[in-house]
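Trainee: Please take one part of this model and look at it closely. I would like a connected account that ends with the rest of the chain.

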Amino acid sequence: MKRMVVLLLMAGIVSLWAADPASRVFPLDKTHFKVVDKNGKEKIVDMSGKDYIVISLREKGADGIAYAIDRDGVVWWAASISSGAKGHETPSGIFPVLRKVRYYMSKAHPDPSGKNNMDFSLFFTNQGHALHMGNTNAMSHGCIHVGEKGAATMFKWANAKTWVVVTREHYLPYVYYDLAKVGYKVDKQTPQYIKNYLKTMVPIKPHMDVTAPERNITEEKSVY
(Lines give C-alpha, C1' and ligand atoms only; values in the text may rest on other atoms or scores of the structure.)
Protein backbone atom coordinates (compact mmCIF):
# COMPACT_ATOMS: atom_id res chain seq x y z
CA MET A 1 0.00 0.00 0.00
CA LYS A 2 2.79 2.42 0.93
CA ARG A 3 4.58 1.63 -2.33
CA MET A 4 1.38 2.34 -4.28
CA VAL A 5 1.02 5.75 -2.60
CA VAL A 6 4.61 6.63 -3.48
CA LEU A 7 4.06 5.62 -7.11
CA LEU A 8 0.88 7.69 -7.31
CA LEU A 9 2.67 10.70 -5.88
CA MET A 10 5.48 10.29 -8.40
CA ALA A 11 2.95 10.02 -11.22
CA GLY A 12 1.33 13.23 -10.00
CA ILE A 13 4.65 15.04 -10.06
CA VAL A 14 5.36 13.86 -13.60
CA SER A 15 1.91 14.90 -14.85
CA LEU A 16 2.34 18.30 -13.22
CA TRP A 17 5.64 19.11 -14.87
CA ALA A 18 5.97 17.01 -18.01
CA ALA A 19 4.39 18.65 -21.04
CA ASP A 20 2.67 16.90 -23.92
CA PRO A 21 5.19 16.24 -26.73
CA ALA A 22 3.03 18.43 -28.96
CA SER A 23 3.43 21.44 -26.64
CA ARG A 24 5.60 24.53 -27.16
CA VAL A 25 7.92 25.97 -24.53
CA PHE A 26 8.81 29.67 -24.43
CA PRO A 27 11.60 30.88 -22.09
CA LEU A 28 10.56 33.96 -20.10
CA ASP A 29 13.84 34.24 -18.19
CA LYS A 30 16.49 31.82 -16.94
CA THR A 31 14.15 29.82 -14.72
CA HIS A 32 10.60 30.58 -15.92
CA PHE A 33 8.99 29.00 -18.97
CA LYS A 34 5.58 29.34 -20.60
CA VAL A 35 4.24 25.99 -21.77
CA VAL A 36 1.49 26.01 -24.39
CA ASP A 37 -0.19 22.65 -25.00
CA LYS A 38 -1.63 21.40 -28.29
CA ASN A 39 -5.01 22.93 -27.37
CA GLY A 40 -3.52 26.36 -26.75
CA LYS A 41 -3.80 26.17 -22.96
CA GLU A 42 -0.95 27.98 -21.21
CA LYS A 43 0.83 27.53 -17.90
CA ILE A 44 3.95 29.07 -16.36
CA VAL A 45 6.56 26.65 -15.01
CA ASP A 46 9.15 27.83 -12.49
CA MET A 47 12.29 25.68 -12.44
CA SER A 48 13.89 27.54 -9.52
CA GLY A 49 15.43 25.19 -6.97
CA LYS A 50 15.66 22.31 -9.45
CA ASP A 51 18.47 20.77 -11.47
CA TYR A 52 17.56 20.97 -15.14
CA ILE A 53 18.93 20.86 -18.67
CA VAL A 54 17.64 23.31 -21.25
CA ILE A 55 17.89 22.12 -24.85
CA SER A 56 17.39 24.91 -27.36
CA LEU A 57 17.00 22.84 -30.51
CA ARG A 58 19.14 22.97 -33.61
CA GLU A 59 16.40 24.68 -35.58
CA LYS A 60 15.80 28.12 -37.05
CA GLY A 61 14.84 30.47 -34.22
CA ALA A 62 16.68 28.45 -31.55
CA ASP A 63 20.28 28.15 -30.32
CA GLY A 64 21.46 24.64 -31.12
CA ILE A 65 22.88 24.43 -27.58
CA ALA A 66 22.21 22.38 -24.43
CA TYR A 67 22.68 24.06 -21.03
CA ALA A 68 23.00 22.50 -17.56
CA ILE A 69 21.57 24.61 -14.72
CA ASP A 70 21.83 23.53 -11.09
CA ARG A 71 19.35 24.11 -8.27
CA ASP A 72 21.22 27.29 -7.27
CA GLY A 73 20.46 28.78 -10.68
CA VAL A 74 24.06 28.47 -11.89
CA VAL A 75 24.48 27.75 -15.59
CA TRP A 76 27.62 25.68 -15.23
CA TRP A 77 27.85 23.78 -18.51
CA ALA A 78 26.88 24.32 -22.14
CA ALA A 79 27.55 22.44 -25.36
CA SER A 80 26.55 22.69 -29.01
CA ILE A 81 24.14 20.02 -30.26
CA SER A 82 22.22 18.69 -33.21
CA SER A 83 18.60 17.57 -32.98
CA GLY A 84 15.83 15.98 -35.03
CA ALA A 85 15.88 16.37 -38.81
CA LYS A 86 12.78 17.40 -40.76
CA GLY A 87 10.18 14.68 -40.33
CA HIS A 88 11.90 13.48 -37.15
CA GLU A 89 11.62 16.66 -35.09
CA THR A 90 12.50 16.45 -31.40
CA PRO A 91 9.38 17.06 -29.26
CA SER A 92 9.23 20.28 -27.27
CA GLY A 93 8.18 20.15 -23.62
CA ILE A 94 9.37 19.74 -20.04
CA PHE A 95 10.24 16.16 -19.23
CA PRO A 96 11.78 14.17 -16.36
CA VAL A 97 14.93 12.13 -16.93
CA LEU A 98 13.37 8.67 -17.17
CA ARG A 99 16.57 6.62 -17.20
CA LYS A 100 20.31 6.79 -17.71
CA VAL A 101 22.18 4.25 -19.86
CA ARG A 102 25.96 4.48 -20.13
CA TYR A 103 26.45 2.16 -23.13
CA TYR A 104 23.67 1.86 -25.70
CA MET A 105 22.96 0.99 -29.31
CA SER A 106 19.78 2.34 -30.90
CA LYS A 107 17.30 -0.47 -31.54
CA ALA A 108 15.39 1.51 -34.17
CA HIS A 109 18.49 2.87 -35.93
CA PRO A 110 21.50 0.63 -35.13
CA ASP A 111 24.92 1.56 -36.47
CA PRO A 112 25.90 -0.80 -39.33
CA SER A 113 29.41 -1.01 -37.89
CA GLY A 114 28.06 -2.49 -34.67
CA LYS A 115 29.48 0.42 -32.65
CA ASN A 116 27.30 1.97 -29.96
CA ASN A 117 25.68 5.13 -31.27
CA MET A 118 23.83 6.32 -28.14
CA ASP A 119 26.36 6.17 -25.30
CA PHE A 120 25.78 8.42 -22.25
CA SER A 121 22.02 8.39 -22.91
CA LEU A 122 19.64 10.45 -20.79
CA PHE A 123 16.20 9.27 -21.94
CA PHE A 124 13.43 11.84 -21.46
CA THR A 125 10.43 10.41 -23.38
CA ASN A 126 8.84 6.99 -23.56
CA GLN A 127 9.26 7.13 -27.34
CA GLY A 128 13.05 6.80 -26.96
CA HIS A 129 14.17 10.42 -27.23
CA ALA A 130 17.44 10.96 -25.39
CA LEU A 131 20.33 13.35 -25.00
CA HIS A 132 23.41 11.28 -25.84
CA MET A 133 26.87 11.30 -27.35
CA GLY A 134 26.68 11.69 -31.10
CA ASN A 135 27.71 13.60 -34.20
CA THR A 136 26.75 17.25 -33.70
CA ASN A 137 27.25 17.87 -37.43
CA ALA A 138 24.51 15.41 -38.38
CA MET A 139 20.82 15.83 -37.65
CA SER A 140 19.16 12.96 -35.81
CA HIS A 141 16.00 10.84 -35.83
CA GLY A 142 14.74 12.92 -32.88
CA CYS A 143 17.44 12.55 -30.24
CA ILE A 144 19.85 15.25 -29.07
CA HIS A 145 23.44 14.70 -30.18
CA VAL A 146 26.16 16.13 -27.91
CA GLY A 147 29.94 15.79 -28.18
CA GLU A 148 31.70 13.26 -25.96
CA LYS A 149 32.84 15.74 -23.30
CA GLY A 150 29.44 17.41 -22.95
CA ALA A 151 27.52 14.14 -23.02
CA ALA A 152 29.76 12.54 -20.38
CA THR A 153 29.64 15.59 -18.12
CA MET A 154 25.84 15.96 -18.16
CA PHE A 155 25.34 12.19 -17.86
CA LYS A 156 27.45 12.07 -14.71
CA TRP A 157 25.61 15.05 -13.18
CA ALA A 158 22.00 14.23 -14.05
CA ASN A 159 19.77 11.92 -12.03
CA ALA A 160 16.10 10.96 -11.65
CA LYS A 161 15.35 14.41 -10.15
CA THR A 162 16.77 16.27 -13.15
CA TRP A 163 14.40 17.82 -15.67
CA VAL A 164 14.86 18.35 -19.40
CA VAL A 165 13.37 21.51 -20.91
CA VAL A 166 13.17 21.33 -24.71
CA THR A 167 12.40 24.57 -26.54
CA ARG A 168 12.26 25.77 -30.12
CA GLU A 169 13.12 29.30 -28.99
CA HIS A 170 16.34 31.16 -28.20
CA TYR A 171 17.54 30.75 -24.60
CA LEU A 172 21.08 32.13 -24.93
CA PRO A 173 20.13 35.81 -24.30
CA TYR A 174 19.00 34.88 -20.76
CA VAL A 175 22.21 33.07 -19.82
CA TYR A 176 24.84 34.92 -21.85
CA TYR A 177 26.27 36.75 -18.84
CA ASP A 178 26.21 33.59 -16.70
CA LEU A 179 28.27 31.72 -19.28
CA ALA A 180 30.75 34.57 -19.55
CA LYS A 181 31.25 34.47 -15.77
CA VAL A 182 32.28 30.81 -15.84
CA GLY A 183 34.72 31.19 -18.70
CA TYR A 184 32.82 30.46 -21.91
CA LYS A 185 33.89 32.38 -24.99
CA VAL A 186 33.73 32.35 -28.76
CA ASP A 187 36.75 30.71 -30.38
CA LYS A 188 37.79 29.12 -33.67
CA GLN A 189 35.77 26.00 -32.88
CA THR A 190 32.53 27.93 -32.49
CA PRO A 191 30.06 26.79 -35.18
CA GLN A 192 29.28 29.48 -37.72
CA TYR A 193 25.54 29.36 -37.04
CA ILE A 194 26.16 30.46 -33.45
CA LYS A 195 28.61 33.17 -34.49
CA ASN A 196 25.99 34.52 -36.88
CA TYR A 197 23.36 34.64 -34.14
CA LEU A 198 25.69 36.35 -31.69
CA LYS A 199 26.11 39.22 -34.16
CA THR A 200 22.44 40.15 -33.75
CA MET A 201 21.65 38.82 -30.26
CA VAL A 202 20.88 41.27 -27.48
CA PRO A 203 21.89 39.74 -24.10
CA ILE A 204 19.37 40.17 -21.30
CA LYS A 205 20.92 41.33 -18.05
CA PRO A 206 19.75 39.60 -14.87
CA HIS A 207 17.26 41.57 -12.79
CA MET A 208 19.48 41.10 -9.78
CA ASP A 209 23.17 40.25 -9.52
CA VAL A 210 22.94 37.31 -7.14
CA THR A 211 26.28 36.00 -5.93
CA ALA A 212 26.55 32.38 -7.03
CA PRO A 213 28.68 29.73 -5.31
CA GLU A 214 32.30 29.92 -6.42
CA ARG A 215 33.39 27.28 -8.92
CA ASN A 216 36.88 26.12 -9.76
CA ILE A 217 37.23 26.95 -13.45
CA THR A 218 40.40 25.30 -14.67
CA GLU A 219 40.10 26.01 -18.37
CA GLU A 220 38.53 28.39 -20.82
CA LYS A 221 35.51 26.81 -22.44
CA SER A 222 33.81 27.18 -25.76
CA VAL A 223 30.07 26.65 -25.61
CA TYR A 224 30.20 26.67 -29.35
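Mentor: Start with a pair of residues: Ile-65 stands opposite Ser-80, which is in β6. This is a predicted model, in which local features need pLDDT of at least 70 and side-chain atom pairs count only at pLDDT 80 or more, while totals for chains, interfaces and linings use all residues. Residues are numbered from 1 along each chain as its sequence is written, and side-chain values use heavy atoms, with hydrogens and water left out.

Strand β6 covers residues 75–82. Strands (E, at least two residues) and helices (H or I, at least four) are DSSP runs, numbered from the N terminus. Strand β5 (residues 65–69) is joined to β6 by 5 bridges, and the two run antiparallel. Two strands are said to pair if DSSP finds at least two bridges between them. β5 and β6 make a hairpin with 5 residues between them. In that turn Gly-73 has a positive phi of about 85°.

β6 also pairs with strand β11 (residues 144–146), in the antiparallel sense and over 2 bridges. There Ile-81 stands opposite Val-146.

How many of the 8 residues of β6 are buried? The count is 8 of the 8, so β6 is largely enclosed by the rest of the structure. Buried means under 20% relative accessible area, exposed over 50%, and partly exposed in between (1.4 Å probe, protein chains only).

The next topic is the nonpolar core, meaning a set of buried Ala, Val, Leu, Ile, Met, Phe, Trp, Tyr and Cys residues joined through side-chain atoms within 4.5 Å. The largest such core has 48 residues, and those touching the most other members are Phe-33, Tyr-52, Ile-55, Tyr-67 and Leu-131. Strand β6 supplies the largest share of this core, 6 residues. A second, separate core has 5 residues, among them Val-101, Met-118, Ala-130 and Cys-143.

Phe-120 lies in the loop between β8 (99–101) and β9 (121–123) and has a phi near 60°, a positive value in a residue other than glycine. Most residues other than glycine have a negative phi. Phe-120 is buried, with a relative accessible area of 10%. Pro-96, in strand β7 (residues 93–96), is buried too, at 9%. Pro-96 and Thr-162 are 66 residues apart in sequence, yet their C-alpha atoms are 6.3 Å apart in space.

Among the helices, α2 (residues 148–157) has the buried residues Gly-150, Ala-151, Met-154 and Phe-155. Seen down the axis of α2, these fall within an arc of 125°, so they line one face of the helix; the arc is that of the directions from the helix axis to the C-beta atoms. The face turned away from the buried side carries the exposed residues Glu-148 and Lys-156.

Pro-203 sits in the segment after α4 (192–200). At 26% relative accessibility Pro-203 counts as partly exposed. Beyond its neighbours within four places, Pro-203 is in contact with Pro-173, Tyr-176 and Tyr-177. Pro-203 and Pro-173 are 30 residues apart in sequence and 4.3 Å apart from C-alpha to C-alpha.

As for the whole, the protein has 4 helices and 12 strands. Of its 224 residues, 43% count as buried. Among contacts between residues at least 6 apart in sequence, 62% join residues at least 24 apart.

Technical notes. Contact means heavy atoms within 4.5 Å.
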